[in-house]
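Student: Please walk me through this model. I want to learn how to read its features.
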Amino acid sequence: MNVDFSLLIPEFILAGAGFLVLLVDLLVPKAQEHRRNVVTAATAVLGLAVTGIVAIATQMDTGERLYDGLLFIDRYALLFKVLFAGIGIAVIVMSVDYVADKMRHPGEYYALIVFAVLGATLMAESGELLTAFISIELLSFSLYVLVGLSRGDARTAEASAKYILLGAISTAIMLYGISQLFGALGTTRFTEMGPLLAGAGGWNLTLITGFVMFVAGLGFKLSMVPFHMWAPDVYEGAPTPITALIATLSKAAAIALLLRFLAEAGSGSVNEWRMPLAVLAAATMIIGSLSALPQTNIKRLLAYSSIAQIGFILVGIVPNTVIGANAVLLHVIGYAFTNLAAFTVVVVIELKLGKESVADFAGLSKRAPVLAMIMTGALFSLAGLPIFAGFLTKFYLFTSAVDKSLEWLVVIAVATSVISLYYYVRVIREMYITETEDGSKLPVPLLLAGLAWVMFAGTIAVGTYPQPFVDATNAAATVLTPWIGL
Amino acid sequence: MSYFERHVLETLIYLPMLAALILVFIPRPQKSLIRWISIASGLALLIMSLYAFIAFDYDGGARFQLQRSYPWLDQLGIAFALGIDGIAAPMVLLTGIVSLAGTIVAANIQRDNKDYYILLFLLIAGVYGTFVSMDLFFFFFFYELAIVPMYLLIGVWGSSSKFKDFDRPKEYGALKLVMMIVAASLLIWVVIIGIYVESGTGSFNIETIMATIDQPGRFSETFQSVMFLMTMVGFGLLAGMWPFHTWSPDGHVAAPTSVSMLHAGVLMKLGGFGIIRIGVMLLPDGLREWALLLFIIGTINVIYGAVSALAQHDLKYVIGYSSVSHMGYVFMGIASMTAVGLTGATLQMFAHGIMTALFFTIVGGIYERTHTRDTLVLNGLASKMKWGTAFFVIAGLASLGLPGLAGFVAELLVFIGAFQTQPILGALGVLGAAITAVYILRLVGRTFYGERDKKWDNLTDLTPREFIAATVLLVPLFYVGLYPQPLLRVIRPGVDAVLAGLGA
């Protein structure tokens, strides 16, 4: 049994950074609000950056299974480790002005973000059901608290309560599924489950229940239809940077786990789950896009659009191929850049105007031309137009599905893309075409402007010079090759 | 090949992008500087396009010339591969001419001309990219890039139509245009992925894929049939194909002048070009199966567009519907599947691009002076706008197919091709040309001649800038009309190569 603790150094650093943030929070005197905010944020950013750098420096060539297959320290995990550290940094940078304005506990806030990143990282590394479950819980509990952290707003209270209640139910369902799978197969390790699931010769009721319930639990995290109802309310009520965290970190982590689980445990029995999952993917795309149409709140709009995006990602998971996995990973990266760019703009609008309805974007092209341009780029990327990330990643996803005779799914995906363009264009129309009386310039905080530029550049980089990104995702996807087809 | 020759095609894409990038860093109030940088870039584009056109070796055997290829995404077999054949070369030249005229006319834009030019150059880069791409992914990439800026260009700088019983805000035209074209482009998306998978080459390169078409077990007739129909509708919509043409008049009317010029002049040609590039070259069996339908739709386009133009009294709607009518000849030429017809179709795209840009230049000039495009109100402008009238009349004569102008050669070739295959439909097409003569002459008579209303006593003639833009367009109109040989010599080998794939 491999118990080489040195492989877990990045995780130790992360956990240490989380506690260090809490400690620093105690050391800075209570009266110095601003200083406390900046110092704790800087500590958290530093911790995340060191984690990412150490991971890249030491784990480029490792393909180890720790504790007899409970944790996989491989290129697949590395890709997500670095991605999650990056998302964590971006969300913290996005939060600094927001926390100063609206929150009272910067230490807890930043520490919880670091713990959420830790939970997400462990999800991407999990090779076993219970480890996965515990990692999900670590991520979820951090998010439950973060969603409800800014007190005094009825919408926040509603969002927080809804998220916790539904989250708890989904956890229970998932745990029950795990127990069923363990009862039927006698193991919870993905790689050991694979042959047993394949050799069952058609699944019996226990297996079906277990499998469905486990995937349903993950489906809740993903806001996959029909487990998507929480997303709009939580997106709307949560502090905006936390909405960004849920939209990127929590979704990406669930994708990481689902992709690995289906590849390592489910490849042999792909015919059992491919069709049901394809149908759910179609439903997710259709319901996500159609529900986004009438939305007037930008955060709700982005919530429904993220539901539709999950549908697109599932299009790449369903074929269960390396090219599909590659497309999924690339889309997750592009999607993270894009969403973080969009949410950064929303944070600025919310801070400066105190509102976040679509109508509040009116005249933004005059009031803050750069923000309007970045928001337009992000929305075009979500709609899948060139030169932005979304164009290439969607192209990649849909190509991978045609390979496995899922043409009907591609046609639905393509059709919902048109619908999605319509509601994205509504926001662009507000920014550029609608005239407003108040044409005063919006002051954009330097930190947020810088972050928006970086994310915007990332979106364009993935869309125009994808080779480095694809090399990384390809190395990660290749980890899955012993199980899935090309 | 000289250094310049090797890089000319990519320069055509990078140059407008570079121009857009430079403009980003110029402060907004420097309107005059922005104008001159843009016009200089337009001129450079025309020179580069001319260079590419001349460097194209029409005696050479290679189908695609000036080829360049850079690896881009190995895992998916996508390369940044460029090259032009005999059909793309005239389109590149057309883009150069219309881009220069468009950037000159756009100098009249007062509000935020920086943003306007940035979007205009992105559009131009997209158009060039589509014409010179040999990789289907990049073909689609640039195709979409050309459409995206359109929404803002029309939505922000466009003009709304207001008549007594008819009210069309500019956002309506912008949204309708973009939504319809993007919806159609998604059909093309499916076609491209389908062709990629069906070819089994793991490459998006057109030449590589063409080599596999005849292999047994690939590109079955059913596959080609379904894919061709999607190609026809997807690209046809952008070319104004009936009954999907409705975005075109509304969009052109709402668009500012230079966008109308580029859109009707060049962007609509992407549709016809796409049908040839993907439909005819990669799906020949599909074309054979649907040729008759394409022919019939082309004829409907010609007649329907002409009759609709007859009923309009908004100058831009007349031109918009006449574009629908003229693009019908392109469909007829392609559907004839003859060398003459296909040559005519390509030449028609070139000729129509130039003449329609000229139309919009003058109509835009009139609108800026009078703030109306209603032919019931505009009377007898000729005595005040001598040059404007002259240019408009020449564009009109080219449009109705007067010998000596580019339109005549193109339409003649299309008719010859059409009569060889479908004489009855060909005859109907000629009828369309007759209706064109009616509405054009009536329009000219009403708007420019006849008694002048007192309102127009203070009207001024074309500004030097407008005059230059119109001249840039006028020269090729005459040149091709009187001496089409240089263009035909380039188009012909390209058409022959396409037809070789058809086995005709």
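Student: What radius of gyration would a compact globule of 486 residues have, and what does chain A have?

Tutor: The radius is taken over C-alpha atoms, and the globule rule is 2.2 Å times the number of residues to the power 0.38. That rule puts a compact globule near 23 Å; chain A has 21 Å, which agrees. The C-alpha trace of chain A spans about 70 × 55 × 40 Å along its principal axes. This is a predicted model: local features need pLDDT of at least 70, side-chain atom pairs count only at pLDDT 80 or more, and totals for chains, interfaces and linings use all residues. Residues are numbered from 1 along each chain as its sequence is written.

Student: How much of chain A counts as buried?

Tutor: A residue is buried if 20 or more other C-beta atoms, placed from the backbone, lie within 10 Å of its own. In chain A, 62% of the 486 residues pass.

Student: Which secondary structure does chain A have?

Tutor: Helices (H or I, at least four residues) and strands (E, at least two) are DSSP runs, numbered from the N terminus. Chain A has 19 helices and two strands.

Student: At what angle do α2 and α3 of chain A pack?

Tutor: Axes are lines fitted to C-alpha atoms over the stretch in contact, and angles run from 0 to 180 degrees between N-to-C directions. Helix α2 (residues 33-59) and helix α3 (residues 75-102) of chain A pack at about 170°, axes 9 Å apart. Angles over 145 degrees count as roughly antiparallel, so α2(A) and α3(A) are roughly antiparallel.

Student: How many residues does each chain bring to the contact of chains A and B?

Tutor: Contact means C-beta atoms, placed from the backbone, within 7 Å. Chain B brings 25 residues and chain A 27. On the chain B side, α6(B) gives the most, with twelve residues.

How values were computed
Chains lettered and ligands numbered in written order. Parallel < 35°, antiparallel > 145°, perpendicular 65-115°, else oblique. Contact = placed C-beta atoms within 7 Å. Buried ≥ 20, exposed ≤ 12 C-beta atoms within 10 Å, placed from the backbone.
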